[in-house]
Amino acid sequence: MSIESGPEGQVSPRADFVSALVWVVFGGAIAVGAWRMDRLEKLHINKYEIPGLVPGLLGAAILALGLALAARSIARGALGPAGAPAPVEAGARRYILVVLGAMLLYAVVLVGHGLPFWLATGAFVTAFIFFFDRARQTALGRTTARQAVLALTCGVATSAVVTLVFQNVFYVRLP
């Protein structure tokens with residue numbers, strides 16, 4: 001279910017290049033926005049606790065990965081002559097909408113309306129892995145019960161690590 005498939009189901013270099021440009025712009029905007037945030041020097045804030053540090057690092061990482069994707073797509077011929085791009089398959093479009101809907105459900109409903117962050121995150125990651133990774137797990141010969149255990153393990157671990165890191169390393173109070 002690729003958006004623009006080439007031979008053997010691979011995404012075309014041109015589609016990768018367009019995606020790379022989007023990631024470079026997005027990561028760059030985050031990094032610039034983080035750089036412009038108030039550093040709270042007048043409050044004598046430790047330089048490792050400034051509000052823009054984590055978003056800036058994440059923006060820089062997204063920017064770097066976008067540049068790596070752009071370089072790889074150029075090496076694969078993204079800027080060379082190509083035919084008309086393939087249209088987005090209906091199944092891929094539906095899949096993207098379901099994923100975006102699930103993320104919106106997590107952010108607005110689960111976290112935004114009373115569930116503790118750790119519980120909402122654990123439930124979301126568990127459900128996301130269980131439902132969106134089923135085809136691959138089934139192809140590997142895993143039973144539904146094993147898929148559920150794997151998803152639950154990943155959900156609990158992700159929830160615990162994210163909660164502990166944000167609260168104990170970044171000193172961010174979570175909802």
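Let's start with Phe 132, which is partly exposed at a relative accessible area of 25% (buried means under 20%, exposed over 50%, partly exposed in between, using a 1.4 Å probe and protein chains only). Keep in mind that this is a predicted model, where local features need pLDDT of at least 70, side-chain atom pairs count only at pLDDT 80 or more, and totals for chains, interfaces and linings use all residues. Residues are numbered from 1 along each chain as its sequence is written, and side-chain values use heavy atoms, with hydrogens and water left out.

**The aromatic patch**

- Phe 132 belongs to one aromatic cluster together with Tyr 95, Tyr 106, Phe 124 and Phe 128.
- The structure holds six aromatic pairs (rings of Phe, Tyr and Trp, the last by its six-membered ring, pair if their centres lie within 6.5 Å; planes under 30 degrees apart are stacked, over 60 edge-to-face, the rest tilted).
- One of these pairs joins Phe 124 to Phe 128, and it's tilted, at 5.4 Å centre to centre with 40 degrees between the planes.
- Those two sit four residues apart in helix 4 (residues 117–132), so about one helical turn separates them.
- Phe 124 counts as buried at 18% relative accessibility, while Phe 128 is partly exposed at 27%.
- Phe 128 also pairs with Phe 132: the ring centres are 4.5 Å apart and the planes are at 40 degrees, so this pair is tilted.
- Phe 128 and Phe 132 are again four residues apart in helix 4, or about one turn.

**How helices 1 and 2 pack**

- Helix 1 (residues 13–35) packs against helix 2 (residues 53–75) at about 160 degrees, and their axes are 7 Å apart (axes are lines fitted to C-alpha atoms, for helices over the stretch in contact, and angles run from 0 to 180 degrees between N-to-C directions).
- That angle makes the two helices roughly antiparallel (over 145 degrees; under 35 is roughly parallel, 65 to 115 roughly perpendicular, the rest oblique).
- By class, their contact has 17 nonpolar, seven polar and two charged residues (Ala, Val, Leu, Ile, Met, Phe, Trp, Tyr, Cys and Pro are nonpolar, Asp, Glu, Lys and Arg charged, and the others, Gly among them, polar).

**The chain overall**

- The chain has six helices and zero strands (DSSP runs numbered from the N terminus: H or I of at least four residues for helices, E of at least two for strands).
- The radius of gyration is 20 Å, well over the 16 Å that the globule rule gives for 175 residues, so the chain is more spread out than a compact globule (the radius is taken over C-alpha atoms, and the rule is 2.2 Å times the number of residues to the power 0.38).
- Buried residues make up 23% of the 175 in the chain.
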